[in-house]
Amino acid sequence: MKLCGLLFILSFLGSFGTIAQITQTVRGTVVDEASLAPLPGVKIMVLDSTLTLGAISDLDGSFTITKVPVGRLSIQVTFFGYETKTLSNLDLTAGKELILNIQLSEKLTVAEEVVITGRKKGEVANEMAAVSARTFSVEASQRYAGSVNDVARMAQSFAGVQGNDDSRNDIIVRGNSPIGVLYRYEGVDIPNPNHFALLGTAGGPVSILNNNVLANSDFFTGAFPAEYGNAMAAVFDLKMRNGNDEKHEFLGQIGINGLEVMAEGPLSKNKKSSYLFSYRYSTLQVFSLLGVNFGAGTAVPDYQDINFKLNFEQKKGSTSIFGLGGLSNVEFEGAEADGSVNLFSNPSENLFFYSKIGVVGIKNIYRLTDKAYLKTTISTSATLNNILRDSLLPPDFQKQPSYRNISLEGKNNINTQLNYKFNARHLLRTGIVMDRLFFRLADSIFRVQDNEWNTLTDFNGSTFVIQPFSQWQYKLSEKFTFTAGLHFQYFTFNGANSLEPRGGINYQFAKNHRFGFGYGKHSQVPPTRVYFRQVQQPDGTSSNPNENLGITKADHFIFTYDYSITRSIRLKTELYYQQLYNVPIDVKNNAYSLLNFGANYSFAFPDSLVNGGSGRNYGVEITLEHFMDKGFYFLFTTSLYESTYTGSNGQRFGTAFNGNYTFNLLGGKEFFFSPTGKTGKKERVKSLLVDARVTLNGGQRHTPVNQDLSIQVGFPIYEEDRTNELQYPDYFRADLRIAFKVSTKKVTQEWAVDFRNITNYENLFTQEFDVATGEFRDTYQIGFLPIGQWRITF
């Protein structure tokens with residue numbers, strides 16, 4: 001009897017190590033990294049498999065591996081004369097083929113055996129980047145606890161990146177304002193890709209970017225390659241994947257971000273063309289239509305968005321048509337007659353916010369020769385804001401018009417670049433980015449004392465930003481790489497310009513050890529609304545005092561050290577220094593600086609600005625990372641930094657983003673198991689993924705209130721000579737994500753719960769001084785919040 005029981009237990013436990021042979025197809029293409037020329041004869045092998053699975057690429061560089069067991073797998077790619085590449089821990093599911101676009105780097109010598117490390121895991125795909133860059137996968141944005149499928153929230157786990165606001169995905173990079181972040185999408189610079197986004201900002205509550213349609217993409221935090229311009233903090237270079245060009249596949253998903261459907265498949269199998277389309281609608285609005293209200297009190301956010309791509313493969317390249325769009329609106333009501341207040345609303349006002357965003361473009365890649373290709377992208381994009389704000393006057397909350405804004409900003413863009421690979425040592429990339437900016441800006445405030453509307457902005461017109469660039473990479477040896485580039489930015493509205501040298505070196509001085517140095521001059525045009533601010537003169541006429549305002553500039557210096565401890569563990573340290581100058585500040589003697597723009601939802605600016613300010617950011621960042629291996633990973637990042645600025649009063653202050661430090665610890669483990677079942681029962685592969693994240697950031701900066709004077713005058717008065725001197729308590733949050741996945745023969749389903757702020761820690765959101773009571777009123781960020789999600793692919 002005991003023997004039978006022991007055998008039953010052993011057979012039960014053994015079933016957790018057995019993976020049913022549900023299989024899927026892995027296919028893709030292999031090309032030269034520098035020229036995009038297809039590579040025939042490449043050997044592609046599946047590692048860590050009990051079966052011998054592999055393929056050889058054909059004349060077009062294409063390969064197909066069938067009957068690959070689903071689950072985590074690694075693939076090794078080898079080709080004579082090229083560096084061996086290993087793609088680790090890819091997630092293969094039953095509901096979707098795994099399509100890989102692999103790029104190989106040519107060796108400098110093949111006559112003798114050389115010891116090289118190649119590109120490290122996690123490093124950026126853009127070969128022109130020397131420092132402060134990494135690639136990220138869509139799978140990581142789905143897996144990281146607290147990311148909720150948002151690439152911007154995922155990036156908050158990286159070194160040097162911080163986000164203190166649970167309600168938005170703005171990112172603070174090395175103490176810079178969030179408006180310094182550039183989003184590039186399929187080769188073109190796009191406006192703020194978020195729902196409920198204000199013009200001139202770079203964040204929002206819900207991202208329009210659907211990570212289900214994205215490919216692995218790049219993220220830069222300093223000294224960017226010369227092809228990127230008009231940004232000073234960071235660059236997201238986002239790429240869409242192509243749809244499956246051989247079979248139709250579908251996805252359904254419901255979670256906090258929305259109710260979503262996605263489809264992809266071939267337009268013509270013979271011509272290797274495909275479509276990819278996704279649509280999402282606000283989950284909270286769906287519940288509202290059913291009579292169940294969530295959101296900010298009774299203010300239910302209503303939004304919807306689409307992402308699409310049509311791709312057409314051609315003999316010498318490819319052409320694709322792509323786009324994204326989003327609609328969003330929300331109404332916040334202030335205090336009602338019974339004194340009730342909606343969450344996140346101002347009790348003394350009503351606010352209606354409506355926004356639209358759209359991007360559509362066409363991209364062509366044409367291989368001129370086996371050594372050169374031309375990539376051209378043409379696009380148009382626009383963002384519309386409609387904002388109505390009414391004050392509620394006591395005692396009966398009578399509505400008083402306060403602010404109106406109906407504004408549109410758009411862009412017609414062309415980005416073309418020539419890539420020429422002279423040989424394995426020399427690579428040249430040169431091109432131009434041309435943006436035609438067009439505007440229809442109109443906003444005004446109601447002055448009660450005059451009983452009339454006062455125009456702040458009223459402009460219809462267009463201007464251009466022109467950005468030619470050129471960059472060169474030289475590999476002196478397998479261990480030493482040098483890059484140099486030049487970027488020029490010209491703002492035709494007033495002739496402001498900036499000539500920007502960029503460069504970097506990367507040297508492997510010992511096995512598994514390398515260091516790098518990077519320098520870049522960068523510049524950014526201030527939010528365009530600044531240029532069109534109208535100021536009324538005593539004689540009744542109006543002027544535009546900021547029309548000759550120049551562009552902000554910065555010098556980035558970065559030193560990096562990278563140590564590959566093992567095949568899966570990496571330690572990386574970066575030291576950086578940023579000197580900012582030509583910063584817009586107030587013509588009046590005060591502490592204002594545009595470097596604080598975007599803090600505390602404050603997007604206002606003085607009437608008259610001059611380029612007389614400066615700033616300074618410096619710090620150290622450490623990353624210790626264990627890449628996903630055998631189902632386990634962890635990521636530890638820490639940043640210690642200082643961010644300061646000088647206003648027109650000559651005093652040096654900490655910026656509003658000077659948190660001084662940030663710590664992140666992430667980790668996760670994936671378990672595969674297959675329970676026993678009755679004979680004939682449908683085979684299933686099951687997995688459980690547990691992820692956790694802990695974040696500690698320095699508290700948000702704020703300025704002391706002169707309480708006695710504030711009570712005397714009836715509104716808050718801040719001590720300007722102590723700007724940003726105080727800090728809220730440290731921001732702390734712990735998140736946990738548990739996901740259970742089941743794969744049958746053709747379908748994969750995943751049930752996941754994201755437990756945000758599992759300790760229910762009270763993080764201070766705002767602190768306002770109430771002049772009536774003489775006390776401070778605290779508002780806290782989101783407490784413990786479980787977020788469920790279900791996804792099905794087939």
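In the predicted model, the side chains of Asn-307 and Tyr-185 are joined by a polar contact of 3.3 Å, a polar contact being a pair of N or O atoms within 3.5 Å, of which, within protein, one must be able to donate a hydrogen and the other to accept it, while residues adjacent in sequence count only if both atoms are side-chain atoms. Asn-307 has its place in strand E20 (residues 302-314), where helices (H or I, at least four residues) and strands (E, at least two) are DSSP runs numbered from the N terminus. Asn-307 is buried, with a relative accessible area of 1%; buried stands for under 20% relative accessible area, exposed for over 50%, and partly exposed for values in between, with a 1.4 Å probe and protein chains only. When residues up to four places away in sequence are not counted, Asn-307 touches, among others, Tyr-185, Ile-208, Leu-209, Leu-276 and Phe-277, contact meaning heavy atoms within 4.5 Å.

Local features are reported for this predicted model at pLDDT of at least 70 and side-chain atom pairs only at pLDDT 80 or more, whereas totals for chains, interfaces and linings use all residues. Residues are numbered from 1 along each chain as its sequence is written, and side-chain values use heavy atoms, with hydrogens and water left out.

Tyr-185 also belongs to the residues with the most contacts inside the largest nonpolar core, together with Phe-158, Phe-219 and Phe-236. This core has 38 residues, a nonpolar core being a set of buried Ala, Val, Leu, Ile, Met, Phe, Trp, Tyr and Cys residues joined through side-chain atoms within 4.5 Å. At least two residues of the core are supplied by each of several elements, including helix H2 (138-143), helix H3 (151-155), strand E11 (181-185), strand E16 (234-238) and strand E35 (632-646), and the largest share, four residues, comes from H3. Leaving aside neighbours within four places in sequence, the contacts of Tyr-185 include Ile-190, Leu-214, Leu-238, Met-240 and Phe-322. A second, separate core of 22 residues includes Val-26, Val-68, Tyr-82 and Leu-104.

Ser-217 is found in strand E15 (residues 217-220) and is buried, with a relative accessible area of 0%. A polar atom of the Ser-217 side chain lies 2.9 Å from the backbone oxygen of Ala-215, and a polar atom of that side chain lies 3.1 Å from the backbone nitrogen of Lys-239. Residues up to four places away in sequence aside, Ser-217 touches Arg-134, Thr-135, Phe-136, Asp-237, Leu-238 and Lys-239. Strand E15 runs antiparallel to E8, to which it is joined by four bridges; two strands pair if DSSP finds at least two bridges between them. Within this pairing, Ala-133 stands opposite Phe-220 in E15. In a regular strand the side chains alternate between the two faces of the sheet.

Thr-646, which lies in strand E35, counts as buried at 16% relative accessibility. The side chains of Thr-646 and Arg-652 are joined by a polar contact of 3.3 Å, and, with residues up to four places away in sequence not counted, Thr-646 touches Ile-585, Gly-613, Ser-614, Gln-651 and Arg-652.

Most residues other than glycine have a negative phi. Asn-451, although not a glycine, has a positive phi of about 55°; Asn-451 lies in the loop between strand E25 (426-447) and strand E26 (452-475) and is exposed, with a relative accessible area of 59%. Asn-760 likewise has a positive phi of about 55°, but lies in the loop between strand E42 (748-756) and strand E43 (764-770) and counts as partly exposed at 45% relative accessibility.

Taken as a whole, the chain contains five helices and 45 strands, and buried residues make up 54% of its 794 residues. Of the contacts with a separation of 6 or more, 65% are accounted for by residues 24 or more positions apart.
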